[in-house]
Structures are given as C-alpha cells and as structure tokens.
2 protein chains.
Amino acid sequence: MSISHIEHVGIAVANLDEAIAYYEGTLGLKCYAIEEVTDQKVKTAFFKVGDTKIELLESTDPEGPIGKFIEKKGPGVHHLAFAVDDVNKALTDVEAKGVRLIDKEKRKGAEGLSIGFLHPKSTLGVLTELCGEE
Amino acid sequence: MSISHIEHVGIAVANLDEAIAYYEGTLGLKCYAIEEVTDQKVKTAFFKVGDTKIELLESTDPEGPIGKFIEKKGPGVHHLAFAVDDVNKALTDVEAKGVRLIDKEKRKGAEGLSIGFLHPKSTLGVLTELCGEE
C-alpha cells in the first residue's frame, strides 16, 4: 500500500455552525463545502489546509457514529484518512497484515470518494480511513 | 493568522517500537527521525506523509502529559499542529479572539521548531499547536 498524503482529519463537533465560525473566524481557514452524508448520519463541513482537508462532523442523530462518539468522548479528533490509489487493494493489503477491517470493501463517502475504515483496535487507537478516487 | 498546512498530527502510543513497526510495516510509511523531548517527557518518532508529518509520542514518565493522556483516554490522536509563519504573533492573534492559551509565548519543540499550545477548552476539544520556524 502506498499512502500519498493525509486526505483529511475528521473532527467531531457538537454544533457545525459554531465550529465553522471558529475555524473561519479564529483560525482563518475557509469552509468550501457543506454536505450531509445520510447513511453516516452526519452533516460535514470541509476546509482545505495544504494538501489535507479538515472535515468537521456534526451528528444528525444521537444514535449515529458521531453522536455516540461525542457522548462517550466529547468533541475532538474522530479519525484520520490516508489517501491511497486503490481503496479495495489497500484494504486487502492491510487485512493480510493482520488489520481488522470495519469495511471489507470500499463504499462511497463524502465528496464522492471511495472509502474504507480500519478498526481502531488494529490501528493503535486511531480510527483510520483509507480514501481514494478508485 | 495564516495557516499554510497541517505541520503534524501528534499521536499518543503506548509503545514506540511497536507503533513504528505498524506505521512502517502495515501502512508503508518510513520513520525518518527519533527524538527525545526531555521537558515534555516523551520519545517521538516522525514520518512524512505529503506535506504533513505524523509524530508518534511515547511517554517516558507516567506523570508526563502523554502518560496522563493515555491513562485517561487510551492511545490515539493527541493533538493537531498547524504551521504558521510567526508563532508569537499567531498566539497573540488567537488570544485576542478569545482563545485560552497554554503557552503565552513560543517555546522550543521537537525538530527545533517554535511551538505554542492552545487550550482544548477553547478549540472545540482539539488540543491545538501552532508551529513554525519563527
């Protein structure tokens, strides 16, 4: 598997509007897209920082993954997404090296990208996403 | 304040050797430096991923900040560091916007960079570092 860069850092926030105001007004970044990802029960806001994005995630449902995360741990960094050429091949590669997968095959995520998640129990506590065009 | 990119993602790990083996052997990244930062009570390992670094942090003392973090939350993402031109000016800027600072002035961090931390209570739960040559 070849990782080219960190595609994005996913950050769980309690309130998307308040978080956008902080990232724009205090940190000086610019939100370029807001998107609801229905099957993940989140509303997302994207910022570009160098070759990486920040993806803010507000839960649209307390029973969704971000709702549960915030209830357990509070707002903060939720996951890291690494950019790879071919998500299915990368998932197969890391599984062969003993990583437990959340997604056995790629699925569609925000911004139309292919994504697959690795289980944080296999990745030293970091919920890890592999992410790519393919 | 102008942020050019994410300088690094700091990740707390229980065992640095085991973590380096995972980031190299499973994710295919290459560790290019190991450094002990005595005043932070950590041993660090660095990987370059695009224009961002991953900084793995193993505590050298259970009473140090990483030791306490792991005891409370377990291993995982510990902080995000944004690259800025002038750390002192950036600290002054965000303080004027209501951010509580951990470091009132820049100090020396790993790799000889100037660093200053913002308090996670002011940054929506993300322990945030500002980092630069100046």
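Which residues does Ser114(B) touch, not counting residues up to four places away in sequence? They are Val87(B), Lys106(B), Arg107(B), Lys108(B), Leu130(B), Cys131(B), Gly132(B), Glu133(B) and Glu134(B), where contact means heavy atoms within 4.5 Å. This is a predicted model, in which local features need pLDDT of at least 70, side-chain atom pairs count only at pLDDT 80 or more, and totals for chains, interfaces and linings use all residues; side-chain values use heavy atoms, with hydrogens and water left out. Residues are numbered from 1 along each chain as its sequence is written, while chains are lettered from A and ligands numbered from 1 in the order in which they are written.

**The two chains**

- Strands (E, at least two residues) and helices (H or I, at least four) are DSSP runs, numbered from the N terminus. Two strands pair if DSSP finds at least two bridges between them.
- Strands of a sheet pair through backbone hydrogen bonds, either parallel or antiparallel.
- Strand S5 (residues 76-84) of chain A is mostly covered, with nine of its nine residues buried. Buried means under 20% relative accessible area, exposed over 50%, and partly exposed in between (1.4 Å probe, protein chains only).
- Eight bridges link S5(A) to strand S1 (residues 3-13) of chain A in the antiparallel sense. In S5(A), Val77(A) is the bridge partner of Ile11(A).
- S5(A) runs parallel to strand S8 (residues 128-132) of chain A, joined by four bridges. Leu80(A) stands opposite Thr128(A) in S8(A). Ala81(A) has Glu129(A) as its bridge partner there.

**Helix H3 of chain B**

- Val87(B), Ala90(B), Leu91(B) and Val94(B) are the buried residues of helix H3 (residues 87-96) of chain B. They lie on the same side of H3(B), because they cover an arc of only 100 degrees around the axis. The arc is that of the directions from the helix axis to the C-beta atoms.
- Strand S5 (76-84), strand S7 (114-118) and strand S8 (128-132) of chain B are among what covers these buried residues.
- Exposed Thr92(B) and Ala96(B) sit on the face of H3(B) turned away from its buried side.
- Gly98(B) follows H3(B) and has a positive phi, near 100 degrees.

**Single residues of chain B**

- Ser114(B) lies in strand S7 of chain B. It counts as buried, at 4% relative accessibility.
- Lys41(B) is not a glycine, yet its phi is positive, about 55 degrees. It is in the loop between strand S2 (31-37) and strand S3 (42-49) of chain B. Lys41(B) is partly exposed, with a relative accessible area of 34%.
- Glu111(B) is not a glycine either, and has a positive phi of about 60 degrees. Its loop runs between strand S6 (107-108) and S7 of chain B. Glu111(B) is partly exposed, at a relative accessible area of 29%.
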